[in-house]
Amino acid sequence: MALGGLVAAAGVALLCLTGCSNLAYYWQSATGHLNILSAARPLDDWLEDRQAPERLKAKLALSQRIRDFAVSELKLPDNPSYRRYADLHRNAAIWNLVVAPKHSLTLKTWCFPVAGCVTYRGYYDLERAQAEAARYAAQGFDTSVYPVPAYSTLGLMNWAGGDPLLNTFIHYPEGELARLIFHELAHQVVYVKNDTMFNESFATAVERLGGARWLATHASPAAREEYAQYDGRRRQFRALALATRKRLEQVYANTPEADVERMKQATLQEFRERYAQLRASWGGDPARWRGYDRWVAQANNAWFGAQAVYDELVPGFERLFEREGRDWTRFYRAVERLAALPKEERHRALKENH
């Protein structure tokens with residue numbers, strides 16, 4: 001799951017609040033998001049459309065069963081989000097840019113009045129994202145641009161129909177579709193300004209816990225088997241990425257400056273070699289792993305720093321869910337109490353939450 005493109009909503013707000021040197025960026029954020037909203041149609045329109053593919057209609061109907069489950073079982077918000085669908089005629093909702101120093105995994109942040117300070121910058125045009133990445137790369141930074149299939153506007157746009165279902169993810173395997181919807185809705189439950197890791201780790205914990213529940217109670221045996229294979233390979237890849245990230249952290253913390261670049265490149269090369277072995281063990285059609293291939297080929301500090309945002313605090317949230325008796329309402333209240341703490345204190349509480 002990619003980082004949520006929460007900056008889109010901030011862009012809309014900024015256009016109303018101020019003019020500045022970044023007006024072009026905010027304009028593309030506002031117009032890009034409004035274009036998505038304008039492309040969305042109620043699901044009944046699609047389901048009654050004789051020209052719409054039956055495969056799409058089946059997925060849209062499934063999405064509504066998942067959406068209802070999110071409300072009834074996971075106590076996620078019951079609002080207009082994910083009750084409409086838009087075909088964007090592209091493979092991503094936005095593209096996120098992340099930037100890190102050559103010898104650090106600490107990501108650059110950008111600050112906005114609605115989303116606060118976040119560790120990514122979203123673009124509705126891939127070429128713009130790549131051009132900005134090239135500008136930072138020319139200054140000596142590691143950069144990464146990656147596609148984002150969905151993002152949350154934190155419920156701020158529910159008055160306008162909410163966040164729609166998109167062609168960029170509607171055909172995901174059943175378990176992954178459920179997880180994505182749960183993840184984005186979780187951002188509407190708790191969101192803390194200036195703490196991307198807390199927000200994304202919380203939403204990832206909700207998607208994993210909720211997705212497992214959906215598969216166990218509502219999915220067919222075939223869907224569970226399909227997802228088990230899909231998720232099993234993802235877990236293997238994430239374990240490899242985590243081990244590499246930890247190794248890079250050690251390199252940057254403990255290696256003499258004269259040797260750090262050599263050790264960095266050796267660590268990245270080892271990552272690629274271990275991935276090649278893992279990929280070979282998966283077998284099947286090589287085209288299925290092109291997404292992983294692309295990530296590995298482009299892996300750098302920015303890429304590993306972005307991955308950390310998703311999973312660094314997830315174990316702490318999962319333990320908190322167990323401690324709260326697996327009761328979703330109690331869990332959300334406990335997360336809200338954590339959110340009220342200073343950033344370092346809330347992170348420490350999650351890492352020590354046994």
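Two strands are said to pair if DSSP finds at least two bridges between them, and in this predicted model β1 and β2 meet that criterion, pairing in the antiparallel sense over two bridges.

**View 1. The open sheet and the pairing of β1 with β2.** The sheet is open and has three strands in the order β1-β2-β8, with mixed pairing. Its edge strands are β1 (41–42) and β8, each of which pairs on one side only. Within the antiparallel pair of β1 and β2, R41 stands opposite Y85 in β2. The charged end of R41 also sits over the ring of W46, at 4.2 Å from its centre.

**View 2. Helix α4 and what covers its buried residues.** Helix α4, formed by residues 54–72, has 19 residues and reaches 27 Å from its first C-alpha to its last, which is close to the 27 Å expected at 1.5 Å a residue. Its buried residues include L56, L60, L62, I66, F69 and A70, and among them are also K57, K59 and R67. The elements that cover the buried residues of α4 include the strands β2 (84–86) and β8 (165–166), together with the helices α3 (43–47), α6 (174–186) and α7 (196–217).

**View 3. Surroundings of D195.** D195 lies in the loop between α6 and α7, and because its relative accessible area is 1%, under the 20% cut-off, D195 counts as buried. The side chain of D195 reaches the backbone nitrogen of F198 at 3.2 Å, and it makes a polar contact with the side chain of R346 at 2.6 Å. When neighbours within four places in sequence are left aside, D195 is in contact with C117, K343, R346 and H347.

**View 4. Aromatic pairs.** The structure holds 32 aromatic pairs. In one of them, the rings of W303 and F304 have their centres 4.7 Å apart and their planes at 85°, so the pair is edge-to-face. Both residues are buried, W303 with a relative accessible area of 6% and F304 at 0% relative accessibility. W328 and F331 likewise form an edge-to-face pair, with 6.1 Å from centre to centre and 80° between the planes. Because W328 and F331 are three residues apart in helix α13 (residues 328–339), about one helical turn separates them. W328 counts as buried at 10% relative accessibility, and F331 is buried with a relative accessible area of 0%.

**View 5. A ring cluster, and an arginine over a tyrosine.** Ring pairs link F237, F271, Y275, W282, W289, Y292, W295, W303 and F304 into a cluster. In a separate close-up, R121 lies over the face of Y25, at 3.9 Å from the ring centre.

Technical notes: Residues numbered from 1 in each chain as written. Predicted model: local features only at pLDDT ≥ 70, side-chain atom pairs only at ≥ 80, totals over all residues. Heavy atoms only, no water. Helix = DSSP H or I, 4+ residues; strand = E, 2+ residues; numbered from the N terminus. Expected span 1.5 Å × (residues − 1). Buried < 20%, exposed > 50% of the residue type's maximum accessible area, 1.4 Å probe, protein only. Contact = heavy atoms within 4.5 Å. Polar contact = N/O pair within 3.5 Å; in protein donor to acceptor, adjacent residues only side chain to side chain. Phe/Tyr/Trp six-rings, centres within 6.5 Å; stacked < 30°, edge-to-face > 60°. Lys NZ or Arg CZ within 6 Å of the ring centre and 35° of its normal.
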